Amino acid sequence: ISDQKPLGCWSVKHGQILTCPVVCNFETHEYIAVHDDKVLRIWKNEDINLDKAFKATLSADVYRIHSLPNGGPVVLFRGGGVRTLDVLLEAPQQEIENIISDEVIRWSGAFMEGQQPVLIFTTEKGGDFFVYVQKPKLSSLHKYKLEQQEASKPLCFTAHITNQTVTLLCLYSNDSVYQVLIPLQQDTEEEEILSKSLLLNFSVPGTVLKGTSLVVLDKDHIAVLGSLAVPGKEPRECLSIWNTKFQTLQTSKELPLGTNGQLWCYEENFFLIHGKVLTVIMYKCETSSLAAAVGKLKDSQNPDVSSFVNWNTLEDEELVVSFQSQESVALKAESKMNLRSRRSTVAKIQPEALSVGQLLLNLKDASTYVLETELRQLMSKAPTPDLQAAIGCVVTALTDRCKRNPKYYPQNFLLEIVETRDLSYSLCPDLMAVALEKKDMHLLQICLERFPDIPEEITYACLKTFLSISEAHLQNIDVNLDSVICYIDVESDDKEVKTEIVENGFSAEMDQDMYDTKIPKEAQSGSDGESCPVGLQKAALLNAVLHSAYTETFLLPHLKNLPAQEAILFLRYLYYLYVKCSEKVNTTLPGIRSPTINQIMDWMCLLLDAHFTVMVMLPEAKELLSNLHKFVRAQVRFYSELNKIEGSLRELQRLNHLRESQTYSIEVLEII
């Protein structure tokens, strides 16, 4: 989440539907999904094709899978039956009992009580609501009926377990939260009617809060997501935190971009869909006291001063919205601004945090000199928890001005910021797009080397630009050559010096018995990697692309759009690097940030996957593919020969350890 980088993507076949949320098994680090109600799929992060993952067809429809950190996954079926995943996998077609009849499950949750998993779910039938408490490992089941509430009904539920007692919280349509206590130690099997008590009423003078989702933060605090209705005005969605002990509103914040009504909470972080993206808001519960509760109530109309929740994420969203003319661009950048700098603690909002946004808005129409002077002063301030987000806003302000004024482009200022600050793509999402438009190769190179979270679409755009730009144009551009200067030797006329190459495990003599004809020397010099197919500047830029992180699933569709001639040129350069690496015993290129053998091989495979059919059809690629095949085949044969004598070498190493250091002897080790 902090890097805004997709790590994996899996798809079911056309016509199949995922029918419950996917969960992670904390014990085995596997993902568990159910599609078409009954088909269970289990796979690991390195698995690519979901269709080849473990599959088990169950005998009943699954409602939801709950994963517990210390209790393993628990499967709840639509009929109310519950099984742990281990028991279910022993016999996937085992009969699942139907506990509920004509009832529909409305909510479920799983918890740990000691060493035992406990699953709780609520059902509805004809306006009546029921609560089931199950301990699957003990085959224990209890059913309860909720006391009815006149003229209102439950909208959502949440629960927690404390001291052998389940506390079920119910958000009702009358804008109130009720509490139901259920003891776990019950011997009776008869259906009981659960009485409820009023826990909280959302009463704010002049407003009505219509809640849609709630979560428990601690024993005295809950968070509610809903809409705030003011007479004569449109309802506004908001997130609020309430003190249930003193019946007070701690803090609240409007959500102008809208939500989908769902709220999640995990390790002192709120997760909610704000607009079109996932937003993360950090919070920290204070010790509940009457003085604090009353104090927060006084400040409820000015929630920005609250230290209870760090609203900076949402402040950054609104700041970006004010900068961008298109809402879609603003939404991309919203919650990415400040996550990387605040992972563990929640910083109190400082007055400076508000002045940053105001300052940037005031400078929107200022002169270039005034703008850059003020921004330099802003960045020179002592480091604060929010300084990184402020610098991201600075870059956003500069790129916004570049888009409004095509003649304005502060190249040196942007380079200075990227080289001296620990930024990321998510902090300044428009920077690389502007650099691509201006064809600023140096800035793109630095961004590719420093940003950990560049989207694959931007990585591909950089690659295409680097391959298509002419060598003559690159001669006049300042590019960092540290990654290439140590292995590409250049004469004064900018042509590479031809040096004799002895490939690791490859020679024409060794490979002659594999093929009928020997490769002519002239042909080898052009395609066997002796001559770099690109100039120094272009090689340095391509190396920056090789260093950029990517996910194969997301990069491959873009790579297929690369023009054939540029794909061949890129493959020639990758082949050149591959041969260069193979010259070294440790297969490592010299230089700073030079590509590794793994990066080279991964990109070669990606490129061949994307363009293999086209390359096979092109005459100019035939010789390149043939030589690449011969070289790889010779390498495989060489390492195969090494594997044959591995045992003998290990034996020799063992004998050296056993031999006394002062004893002289001559030994003959016969290698068969």
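How much space lies in the largest pocket? In this predicted model, local features need pLDDT of at least 70 and side-chain atom pairs count only at pLDDT 80 or more, while totals for chains, interfaces and linings use all residues. Residues are numbered from 1 along each chain as its sequence is written, and side-chain values use heavy atoms, without hydrogens and water.

The largest pocket holds about 1,800 Å³ of space. A pocket is an open set of points on a 1 Å grid over the protein atoms alone where a 1.4 Å probe fits, with protein on both sides within 12 Å along at least five of seven lines; its volume is the space filled by probe spheres set on the points, which are joined across faces, edges and corners. The lining comprises 44 residues, and His 66, Ser 108, Leu 263, Trp 264 and Cys 265 lie nearest the centre of the pocket; lining residues have an atom within 4 Å of a point. Elements giving two or more residues to this lining are β1 (18-25), β5 (62-68), β8 (104-113), β12 (154-162), β18 (207-218) and β22 (263-265).

The protein chain contains 20 helices and 24 strands, taken as DSSP runs (H or I, at least four residues, for helices; E, at least two, for strands) and numbered from the N terminus. Of its 672 residues, 49% are buried, that is, under 20% relative accessible area with a 1.4 Å probe, protein chains only. Among contacts (heavy atoms within 4.5 Å) between residues at least 6 apart in sequence, 58% join residues at least 24 apart.

In helix α6, the buried residues are Leu 371, Glu 372, Leu 375, Leu 378 and Met 379.

Terms used
Buried < 20%, exposed > 50% of the residue type's maximum accessible area, 1.4 Å probe, protein only.
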